[in-house]
Amino acid sequence: MQSLQKITSRFIPLRIENVDTDQIIPARFLKATTKDGFGKNLFRDWRYENDDETKPKADFVLNQKQYTGEILVAAKNFGCGSSREHAAWSIQDYGFKVVVSSFFADIFKNNALNNGVLPVTVTDAFLQQIFAVGATDTLTVDLENQTITIDATGASEKFDINAYKKTCMLNGYDDIDYLLNMKEEIEAYEKANQE
Amino acid sequence: MGKTIFDKIWDKHVVKIIQDGPSVVYIDKHLIHEVTSPQAFTGIEKRGAKLFRPKQIVATADHNVPTLHQELPIKDALSKFQVDTLIDNCKKHGVELYGLGHKYQGIVHVIGPELGITQPGMTIVCGDSHTSTHGAFGAIAFGIGTSEVQMVFASQCIMQSKPKLMRINIDGHLKKGVVSKDIILYIIAQISASGATGYFVEYAGSAIRALSMEARMTICNMSIEMGARGGMIAPDQTTYDYMQGRLFAPTGEAWDKKLAAWKELYTDADAKFDMEINIKAEDIDPMITYGTNPGMGLSVQGKLPTTESFSDATEKQNYEKALQYMGLTAGQSLLGMPVQNVFIGSCTNSRIEDFRLVASIIKGKQKHPSIKTLIVPGSQEVAKQIKAEGLDKIFEAAGVEIRQAGCSACLGMNEDKIPAGEYCISTSNRNFEGRQGAGARTLLASPLTAAAALLTGKITDIREILN
């Protein structure tokens with residue numbers, strides 16, 4: 001897994017609540033058997049008119065040239081709905097390293113963490129402050145210190161992440177490495193709980 | 001302090017607690033399907049690892065399968081490749097597969113319970129958010145991502161932080177024409193599509209106790225639609241009666257022993273929840289959704305909110321976006337509005353009881369000529385039972401075709417899609433933009449409300465037909 005320590009980047013503001021994983025990656029793109037190439041279909045039906053790549057929708061933020069960066073900032077309840085990890089794959093493949101919202105759906109949050117994409121939960125007020133700054137302003141996300149800062153204003157907020165997941169992200173470890181090393185303990189558990 | 005049913009099952013399955021981190025939780029049953037498993041198999045192979053406990057995994061093909069002519073090769077090349085990949089992976093890794101053509105094939109959350117694979121006290125996961133369905137048996141069951149599927153392949157364990165616990169008590173008697181789908185749509189409308197995020201929900205109360213297993217599954221199924229990782233109902237005699245004699249249910253002495261253990265699975269009187277909600281069954285009407293998330297629902301007699309009722313600018317903007325997508329106007333009523341499609345199916349409402357409900361309404365009547373239907377049983381077993389009870393004759397006489405088992409128009413991965421701009425009264429679980437096909441407009445409702453629309457061609461209060 002990709003590691004992440006600190007990032008300073010411009011951001012893409014997605015002022016939409018309850019962004020569900022069907023919007024992030026529509027079901028028709030779930031027929032793949034690999035994890036590759038999902039980025040081009042990220043927010044597919046919000047991005048293009050009639051599924052036509054030559055007809056980008058001008059009102060959608062990914063198509064607005066003034067916005068760019070490796071941080072996606074979305075309104076509350078981001079990633080609700082289906083458990084499809086394809087949503088996290090498409091966000092990562094598009095080039096995002098951090099997603100900021102005032103509220104994440106549980107399964108999406110885990111999926112993002114398992115793919116080296118950092119979900120940063122901020123307060124509603126801080127989210128509004130981010131939305132209020134200009135397109136060329138940057139955010140700095142510092143995982144070690146668990147802070148997110150609006151660089152133009154200096155406004156900063158702490159965010160939560162459990163110590164284990166933080167270590168994984170900082171070092172690029174994944175849970176499977178951990179679990180594979182637990183085999184003996186798991187076998188002992190099975191033996192003790194056999195019915 | 002007493003324990004909740006969740007605590008009792010969770011504590012028994014914790015292999016290890018990682019300090020300042022998640023717990024390592026043992027998984028009894030792992031259900032897989034074609035869409036969220038291929039990358040997990042590849043991941044395991046890349047590491048040179050093996051499946052740790054393949055005998056605790058059951059596979060089926062459901063999301064991508066056609067619902068007509070399942071005996072023929074799948075036409076869509078990508079779908080075919082994905083289903084074939086599942087067959088190869090199961091063969092290679094020793095996983096039991098109830099694939100296309102198998103008598104036990106069906107939607108993963110329908111076949112688990114009906115085959116007796118789902119049992120009280122278990123931990124069950126599947127790469128599908130509606131895994132919460134299995135909680136109806138008093139199991140901890142939740143959806144996982146593909147990385148987590150790979151974790152369970154590798155270790156039969158998953159890393160999870162213990163969720164907060166919520167109890168929703170529904171007491172009293174349901175009104176005529178109101179069924180379990182209305183209960184869960186009512187709850188989600190009350191607490192919103194994110195109202196239970198971070199929680200595991202226990203449903204309790206006399207109205208829940210009075211429900212059949214099929215009806216309980218419908219409620220637990222949609223727990224995820226209010227953000228809850230899972231929902232559960234303590235097992236009781238209804239549960240045991242449903243389970244006894246099912247294919248993989250224990251028998252003889254083993255049954256007696258299990259039954260004794262299952263009877264311990266209840267929430268102690270002095271157990272504490274992080275949140276508790278009380279609902280009167282009498283307050284619930286037949287429900288329907290009007291927007292683009294399952295929290296946007298109301299009584300079929302109700303009116304859509306006015307835009308002035310939203311004080312928050314972003315919320316107002318989101319409401320207007322939903323109305324525009326749905327082609328609806330703030331403040332309007334839905335009653336009498338024409339619909340073009342009726343979908344009866346999905347892991348929410350495709351069990352035998354759902355078909356009995358629909359048949360009871362359409363018996364001796366004709367489908368409205370303007371209505372197109374997708375009527376899809378949840379499994380081969382349900383399809384068989386429909387025939388055994390002669391329900392197929394009732395549908396046929398009404399001019400309605402019954403298809404073959406699969407997820408179908410719930411998510412439109414196969415060819416079963418709703419055309420852009422058309423309305424569909426759907427017994428499924430999600431009304432997200434484009435969920436049933438690009439531009440499709442989904443109105444979630446119960447099988448009874450769907451049956452009413454099937455006859456009238458418009459949004460109808462089922463009570464008008466029942467009276």
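The structure is a predicted model. Chain A and chain B bury about 5,000 Å² between them, and seven salt bridges are found across their interface. Over all chains, the search gives 35 salt bridges and zero disulfides.

**The interface of chain A and chain B**

- The contact draws on 54 residues from chain A and 67 residues from chain B.
- Of the area buried between chain A and chain B, 55% lies on carbon and sulfur atoms.
- On the side of chain A, the residues that lose the most area to chain B are A:K31, A:T33 and A:Y189, which together make up 15% of what that side buries.
- A:I176 belongs to helix α7 of chain A and is buried, at 4% relative accessibility.
- Leaving aside residues up to four places away in sequence, A:I176 touches B:R47, B:S147, B:Q150, B:M151 and B:A154.
- A:I176 and A:Y189 are 13 residues apart along the chain, and their C-alpha atoms are separated by 18 Å.

**Salt bridges between the chains**

- B:R47 forms a salt bridge with A:D174, with a distance of 2.6 Å from N to O.
- B:R47 also forms a salt bridge with A:D177, where the closest N and O atoms are 2.7 Å apart.
- A:D177 lies in helix α7 (residues 175–180) of chain A, whereas B:R47 lies in the loop between α2 (38–46) and β4 (57–60) of chain B, so this pair joins two chains.
- A:D177 is partly exposed, at 34% relative accessibility.
- B:R47 is likewise partly exposed, with a relative accessible area of 33%.

**Salt bridges within a chain**

- In chain A, the side chains of A:R28 and A:D51 meet in a salt bridge at 3.2 Å, N to O.
- This pair links distant parts of the chain, 23 residues apart: A:R28 is in the loop between α1 (21–24) and α2 (44–47) of chain A, and A:D51 is in the loop between α2 and β3 (71–74) of chain A.
- A:R28 is partly exposed, with 27% relative accessibility, and A:D51 is partly exposed, with a relative accessible area of 34%.
- In chain B, B:D416 and B:R403 form a salt bridge through their side chains, at 3.2 Å from N to O.
- Both B:D416 and B:R403 lie in the loop between α14 (391–397) and β17 (423–426) of chain B, so the pair ties together parts that are 13 residues apart in sequence.
- B:D416 is buried, with a relative accessible area of 4%, and B:R403 counts as buried at 15% relative accessibility.
- Salt bridges that share partners also join A:R28, A:R44, A:D45, A:D51 and A:E53 into one network.

**A sheet in chain A**

- Four strands of chain A form an open sheet with parallel pairing, in the order β2-β3-β4-β5.
- The edge strands are β2 (11–14) and β5 (118–121) of chain A, each of which pairs on one side only.
- From one strand to the next, the twist averages 20°.
- Strand β4 (residues 98–101) of chain A runs parallel to β5(A), and four bridges join the two.
- A:V98 stands opposite A:L118, a residue of β5(A).
- As a general point, the strands of a sheet pair through backbone hydrogen bonds, either parallel or antiparallel.

**An enclosed helix in chain B**

- Helix α8 (residues 213–221) of chain B is largely enclosed by the rest of the structure, because nine of its nine residues are buried.
- The buried residues of α8(B) include B:M213, B:E214, B:R216, B:C220 and B:N221.

**Cysteines without disulfides**

- The count of disulfides over all chains is zero.
- A:C168 is in no disulfide, and the nearest cysteine sulfur, that of B:C157, is 16 Å away.
- A:C168 is buried, with a relative accessible area of 4%.
- B:C347 is in no disulfide either: the nearest cysteine sulfur, that of B:C410, is 5.9 Å away, whereas a disulfide requires sulfur atoms within 2.5 Å.
- B:C347 counts as buried, at 7% relative accessibility.

Notes
Residues numbered from 1 in each chain as written. Chains lettered and ligands numbered in written order. Predicted model: local features only at pLDDT ≥ 70, side-chain atom pairs only at ≥ 80, totals over all residues. Heavy atoms only, no water. Buried < 20%, exposed > 50% of the residue type's maximum accessible area, 1.4 Å probe, protein only. Pairing = 2+ DSSP bridges. Axes fitted to C-alpha atoms, helices over the stretch in contact; angles between N-to-C directions. Contact = heavy atoms within 4.5 Å. Buried area = accessible area lost by both parts, 1.4 Å probe. Salt bridge = Lys/Arg side-chain N within 4 Å of Asp/Glu carboxyl O.
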